[in-house]
Every structure is written in C-alpha cells, then in structure tokens.
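This report goes through one protein chain, from its overall make-up to single side chains. The sequence and structure are shown first.

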Amino acid sequence: MFNMFKRVKTLMSSELNSALDKAEDPVKMLDQYMREMESDIRDAETAVSKQMANEKMLNKKYDDAKKLVDKRQEQAEKALEAGNEDLARRALEDKKSHDEQAESLKTAWERAKTDADDLKKKLQEMKNEYQDMDLKRDSLKARAETAKTKTKINRSMSNVGSEESQKGFSRMEEKVLQQEAEAETSEDLNQANKSLDDELDALDDKNDVDDELAELKKKIGKE
C-alpha cells in the first residue's frame, strides 16, 4: 500500500510535466493520479485504524494481567497470614504464570504500539505529500490550459499574413482604388456638365439684358 503510494507520487513528480507534450489529456491524467493517491490514503487509514485497535487490545490485556499478578500476590500474603501455606503456594504459582503472560503481552503491546506509531507517521507523510501533489496538480492544470490556449492562438495567427490572405487583401485594395477612381470620374463629369449649363444659362441672361437695353433706347428716342 505504502509502496503503491510512493509509485503514484513518483509518477506525478517525474512524468506529469512531460504529459503536456503527449497525446493524453494531462488534466484527466492528473485527476486519475490523485484518485489513486486518495485510494491509497483510505487503505492506509484503514490499516492504521486496525493497528491502533490491536495495540489498545494488547494494552488492555497487559494491564489485566498485571492486575491479576498483583491480586495473586495479595492473596498469597493473606493465605500465608491465615496459616494456609498450601493456598499461598498455589496463589504464588498462578501469579508466576500470569506474570510470564504479562511480560509476553507487554512485549507484544510495545511492538504493536511501535508499529501503530510508525504507520500513523507514514500516513501523515502520505497526506502531506498528497497536499503537495494537489497544489502541483492545480499548477499543472493551469499550465495545460495555458498551453491549449496558446496553441489555438498560434494556429489562428498562422493564418494571418499568409500568402492567400495577402493576395486577397491586395485584391480588395485594388477594388477599393477602382471604386474611388470611378467616384472621382463621376464627379468630374458632373462638374463638367454643370459648367456647360452655367455658360448656357449666362448666355440666356445676357440676351435678356440686351433686349431690355434696346427697348429702353427706343423708348427715350435714342434710336
């Protein structure tokens, strides 16, 4: 279990950066690795819980054995004080048996306690490493999204300024220039037509003045 956790951690540390350059989706891979680490932590918590329960059970048996040893000691003393040497002997024999059992339980309990403490320490290390990997996952996810965005932008920019685009732009520029030339020509023609009309209108105005002048001369007897 702990070896599996180390394996997953090693994969995340050594391979996830290169995953950004591969065909796999790095975000999905990151999430998968984290799920595997979470599963390892849950298994470790179960193992630690069982070991702690075993350590407590052995501790209780050891305490009970010590209490029985002390009890047999007191009973042997009372039996001897009461003059019952045989009963005192049997109490001491039973005390010896329980004393040996208590020593055996003490050794087992101390070993179980050491194992439980070691497992709890490793479990905490796993949780700390998981938190570190979780922060790294957020960073790598951001980097992956940035890489995707950059790729899209670069692909879009690769079409900007291409030969086809430049040719199309040049065609549109020529078309605009042609439209501007047509507009200027139309305006010149319009101005030319206006000048001719003005001259003709001016001629009509001049004839009217001449007729009026002749009429005035005739009236005053100048003709």
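In which helix is the place of Arg89? Arg89 sits in helix α3, which spans residues 85-159. The model behind this report is predicted.

## Overall make-up

The protein chain contains four helices and zero strands. Read from the N terminus, the order of its elements is α-α-α-α. Helix α2 covers residues 26-81, helix α3 covers residues 85-159, and helix α4 covers residues 163-220.

Of the 223 residues in the protein chain, 21% are buried. The chain exposes about 16900 Å², and 49% of that area is supplied by carbon and sulfur atoms. Among contacts with a separation of 6 or more, 79% are between residues 24 or more positions apart.

Met34 is part of helix α2. Its relative accessible area is 0%, so Met34 is buried. Met34 and Tyr130 are 96 residues apart along the chain, while their C-alpha atoms are separated by 7.8 Å.

## Salt bridges

Side chains of opposite charge can pair when their charged atoms come close. With a cut-off of 4 Å between a side-chain nitrogen of Lys or Arg and a carboxyl oxygen of Asp or Glu, the count is twelve salt bridges.

One of them joins Arg137 and Asp31, whose closest N and O atoms are 3.3 Å apart. This pair links distant parts of the chain, as Arg137 belongs to helix α3 and Asp31 to helix α2, 106 residues apart. Arg137 counts as buried because its relative accessibility is 15%, under the limit of 20%. Asp31, with a relative accessible area of 21%, is partly exposed.

Arg89 pairs with Glu85, and their closest N and O atoms are 3.9 Å apart. Arg89 is partly exposed at a relative accessible area of 48%, whereas Glu85 counts as exposed at 52% relative accessibility.

Asp117 and Lys113 form a salt bridge with a closest N to O distance of 3.2 Å. Asp117 counts as partly exposed at 36% relative accessibility, and Lys113 counts as partly exposed at 35%. Elsewhere, salt bridges with shared partners connect Asp31, Asp134, Arg137 and Lys141 into one network.

## Surface patches

Which residues gather in a patch of negative charge on the surface? They are Asp70, Glu74, Glu77 and Glu81. Glu74 has its place in helix α2. Its relative accessibility is 48%, so Glu74 counts as partly exposed.

A nonpolar patch on the surface is formed by Leu213, Leu216 and Ile220, which together have about 290 Å² of accessible area. Ile220 is in helix α4. Ile220 counts as exposed because its relative accessibility is 54%, over the limit of 50%.

Note on methods
Residues are numbered from 1 along each chain as its sequence is written. This is a predicted model: local features need pLDDT of at least 70, side-chain atom pairs count only at pLDDT 80 or more; totals for chains, interfaces and linings use all residues. Side-chain values use heavy atoms; hydrogens and water are left out. Patches are made of residues with over 30% relative accessible area and no salt bridge: like charges are joined within 9 Å, nonpolar side chains (Val, Leu, Ile, Met, Phe, Trp, Tyr) within 5 Å. Accessible areas come from the Shrake-Rupley method with a 1.4 Å probe; for residues, only the protein chains shown count as cover. Helices (H or I, at least four residues) and strands (E, at least two) are DSSP runs, numbered from the N terminus. Buried means under 20% relative accessible area, exposed over 50%, partly exposed in between (1.4 Å probe, protein chains only). Lys and Arg count as positive and Asp and Glu as negative; His and the chain ends are not counted. The place of a charge is taken as NZ of Lys, CZ of Arg, CG of Asp or CD of Glu. Contact means heavy atoms within 4.5 Å.
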